[in-house]
Amino acid sequence: MKYEETARRLRKAMADMGVTAQELSAKTGIAKSSISGYVNGNHCPGTKAALIIGQALGVDPVWLMDLDAPDNTY
């Protein structure tokens, strides 16, 4: 997994909200294949996608992308 920490954080945020990859895709408009790539750690969301996902899940997109932000929510 290339982006293991981002994947771990995304899975945690999704679990905390009770959201599946399919539901997150529908909620954000981001392709399910992209969400799956993020969840599996194969890809890291870009700034725009991280912002959209962060807003949908109620987490800081900087934290989501593992950029040394504190572990907090909006």
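Visitor: What makes Asp16 count as exposed?

Guide: In this predicted model, Asp16 has a relative accessibility of 56%. Exposed means over 50%, so Asp16 counts as exposed.

Visitor: With which residue does the side chain of Asp16 meet in a salt bridge?

Guide: The partner is Lys12, with a distance of 2.8 Å from N to O. A salt bridge requires a side-chain nitrogen of Lys or Arg within 4 Å of a carboxyl oxygen of Asp or Glu, so the pair of Lys12 and Asp16 qualifies. Both residues lie in helix 1, 4 residues apart, about one turn of the helix.

Visitor: Why is Lys12 called partly exposed?

Guide: Its relative accessible area is 36%. Buried means under 20% and exposed over 50%, with partly exposed in between; Lys12 therefore falls in the middle class.

Visitor: What makes the contact between Glu5 and Arg8 a salt bridge?

Guide: Their side chains meet at 2.5 Å, N to O. The limit is 4 Å, so this pair qualifies as well. Glu5 and Arg8 are 3 residues apart in helix 1, about one turn of the helix. Arg8 is partly exposed, with a relative accessible area of 39%. Glu5, Arg8 and Arg9 are linked with Asp66 in a network of salt bridges. In general, side chains of opposite charge can pair when their charged atoms come close.

Visitor: How do you know that the span of helix 1 agrees with its number of residues?

Guide: Helix 1 comprises 14 residues, 4–17, and at 1.5 Å a residue it should span 20 Å. The C-alpha atoms at its ends are 20 Å apart, so the two values agree.

Visitor: Which residues of helix 1 are buried, and how do you know that they line one face?

Guide: The buried residues are Thr6, Ala7, Arg9, Leu10, Ala13 and Met14. Seen down the axis of helix 1, they fall within an arc of 165°, so they line one face of the helix. On the other side, Glu4, Ala15 and Asp16 are exposed.

Visitor: Against which elements do the buried residues of helix 1 pack?

Guide: They pack against helix 2 (21–28), helix 3 (32–39), helix 4 (47–57) and helix 5 (61–64). The chain has 5 helices and 0 strands.

Notes. Residues are numbered from 1 along each chain as its sequence is written. This is a predicted model: local features need pLDDT of at least 70, side-chain atom pairs count only at pLDDT 80 or more; totals for chains, interfaces and linings use all residues. Side-chain values use heavy atoms; hydrogens and water are left out. Helices (H or I, at least four residues) and strands (E, at least two) are DSSP runs, numbered from the N terminus. The expected span of a helix is 1.5 Å times one less than its number of residues. Buried means under 20% relative accessible area, exposed over 50%, partly exposed in between (1.4 Å probe, protein chains only). The arc is that of the directions from the helix axis to the C-beta atoms. Contact means heavy atoms within 4.5 Å.
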